[in-house]
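Subject: Structure handover

Hello,

Here is the structure for your files. Please open it alongside this email and follow the notes below.

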Amino acid sequence: MRRGYIFTDRRTSHRAVMAVILGIISMVSLGVSVFYAYEGSGELPVKYGVTGLLSGIYSFIGLVLGIVTVCDKGYYKFFPVLGVILNVIVLAGEGLILYMGVG
């Protein structure tokens, strides 16, 4: 008779959870900034630009935390991979915004 026991040394990393949290915060703050920029026809106060800059910084930190945890063998991979994906999406979105703004 089989029981529901799993014997493993793996655990969830706190760095990976922080990477996911930073990715969510970055995505929401960038989305809000883009929404208000759209509503204001591109004329916004500087605080929305600072919000975008902080979003990029948080996303970069989350990306580093996610990559460090993905490379470690002792942790489950769901949260690190999710953190890397979220933060890459935010950084790609910011890169696209900067690319479109320069041209």
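Y36 counts as partly exposed, because its relative accessibility is 38% (buried means under 20% relative accessible area, exposed over 50%, and partly exposed in between, with a 1.4 Å probe and protein chains only). Y36 is found in helix α1. Between Y36 and Y48 there are 12 residues in sequence and 8.3 Å in space, C-alpha to C-alpha.

Before the rest, two notes on the source. This is a predicted model, in which local features need pLDDT of at least 70 and side-chain atom pairs count only at pLDDT 80 or more, while totals for chains, interfaces and linings use all residues. Residues are numbered from 1 along each chain as its sequence is written, and side-chain values use heavy atoms, with hydrogens and water left out.

The whole chain

The protein chain has three helices and zero strands (helices are DSSP runs of H or I with at least four residues, strands are runs of E with at least two, and both are numbered from the N terminus). The radius of gyration, taken over C-alpha atoms, is 18 Å, well over the 13 Å that the globule rule gives for 103 residues, so the protein chain is more spread out than a compact globule. That rule is 2.2 Å times the number of residues to the power 0.38. The C-alpha trace spans about 65 × 25 × 20 Å along its principal axes. Of the 103 residues, 25% are buried.

Helix α1

Helix α1 covers residues 14-39, which is 26 residues. From first C-alpha to last it reaches 37 Å, close to the 38 Å expected at 1.5 Å a residue (the expected span is 1.5 Å times one less than the number of residues). Its buried residues are A16, A19, V20, L22, G23, S26, S29, L30 and S33. An α-helix has 3.6 residues a turn, so residues three or four places apart point the same way. Just after α1, S41 takes a positive phi of about 55°.

The largest pocket

What is the volume of the largest pocket? It is about 350 Å³. A pocket here is an open set of points on a 1 Å grid over the protein atoms alone, where a 1.4 Å probe fits, with protein on both sides within 12 Å along at least five of seven lines; lining residues have an atom within 4 Å of a point. The volume is the space filled by probe spheres set on the points. Of the 15 lining residues, L30, S33, V34, G52 and I97 are the closest to the centre. The helix that gives the most to the lining is α3, with five residues.

Regards
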